[in-house]
Amino acid sequence: PRSTLFPYTTLFRSPPVTMGRKPIVGGNWKCNPAETAKLDELVANFAPCAELLDKCDVYVCPSNLHVGMIYQKFAPGIMVAPQNCNFKGCGAYTGEMAVDQMKDMGLKCCLIGHSERRGEFGLPTPKESNELMATKLAYILEKGLMCVFCIGEPLPIREKGIDAVLAECVSQLKDIVPILKALEDKSRVVIAYEPVWAIGTGVTASPEQAQETHKAIRDWIAANVDQKTADEIRIQYGGSANAGNAGALSAMPDIDGFLVGGASLQPEFPEIVKAIVAARSGSAEGVSSGRSEERRVGKECRSRWS
Ligand code: PEP
């Protein structure tokens, strides 16, 4: 059996065993920027990702109001993924966005279930339920798009330990089990595991903590969906991911990429993509784990033995 924790501090970085899953990194701009004048700069931040697309899928979630203005401005292959969709299609759904409209625009991906839509707004708006998420997911897949499906636990649950965390994640996943079972191409659903306490707080889950949770989710999928889905579905980590911590997180075998909020509005975003590409190729280059000494020594050792 695979070991629970990959020793990311090892000097000889060999790629983690990931069953050939292609990494995926997304940027969630949420309700930003305030001025449309800033959009060109934010789009330009993504440009360096274009040359990494054969090794890592990249998507961006601009604010709903801005999607139509900029979806054609990104390099081909960078997917524009709206931050939500309705559950049905076009028609009398004021304030909503239909997947049919996204499909017509050539969009390939849609994100749903962000914790800020599942009741973390701090406003007395109704939470989007797990049942609604399953309806939306089925609709997105039926229209031929892929889906980033966000889940995650709030702090009081994290404080109870991994069993409580898994139970919470399972409560958000169980309604989509039949959908995952029926799905042929498992890469069309990406689970974004985002601990709520890490989102926008600057507090990142440690690599070991994130790996333990990702593995628990994957094991649960193996037992409750099937092994193929567990092996092939990608699970992203989200929660204060940035260029500084992406290297260490990327070395974890069950972390298949990142959903990035704040840092996706910064020029560092491509560094996060580079970090997971480097980790998957077994190269320490571009892995900004803050362990420069370790990288230097590792490099010297490798050249001595090659
Ligand atoms: C997010 O919005 O999904 C997110 C992870 O935000 P941040 O990276 O800012 O924590």
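Helix α8 spans residues 207-224, where helices are DSSP runs of H or I with at least four residues, strands are runs of E with at least two, and numbering starts at the N terminus. Its 18 residues stretch 25 Å from the first C-alpha to the last, close to the expected 26 Å, which is 1.5 Å times one less than the number of residues. Buried residues of α8 include Ala-210, His-214, Ile-217 and Trp-220; buried means under 20% relative accessible area (1.4 Å probe, protein chains only).

All this comes from a predicted model, where local features need pLDDT of at least 70, side-chain atom pairs need 80 or more, and totals for chains, interfaces and linings use all residues. Residues are numbered from 1 along each chain as its sequence is written, and side-chain values use heavy atoms, leaving out hydrogens and water.

Now for the sheet. Eight strands make an open, parallel sheet, ordered β3-β2-β1-β8-β7-β6-β5-β4; strands pair if DSSP finds at least two bridges between them. β3 (79-80) and β4 (109-112) sit at the edges with a single partner strand each, so one side of each has no neighbour in the sheet. β4 pairs with β5 (residues 146-151) through four bridges, and Ile-112 has Phe-149 in β5 as its bridge partner.

Then there's the ligand, surrounded by 14 residues, each with a heavy atom within 4 Å of it. Polar contacts are pairs of N or O atoms within 3.5 Å. Ligand oxygen atoms lie 2.9 Å from a side-chain N or O atom of His-114, 2.7 Å from a backbone N or O atom of Ser-240 and 2.8 Å from a polar backbone atom of Gly-261.

Methods. A polar contact is a pair of N or O atoms within 3.5 Å; within protein, one must be able to donate a hydrogen and the other to accept it, and residues adjacent in sequence count only if both atoms are side-chain atoms. Buried means under 20% relative accessible area, exposed over 50%, partly exposed in between (1.4 Å probe, protein chains only).
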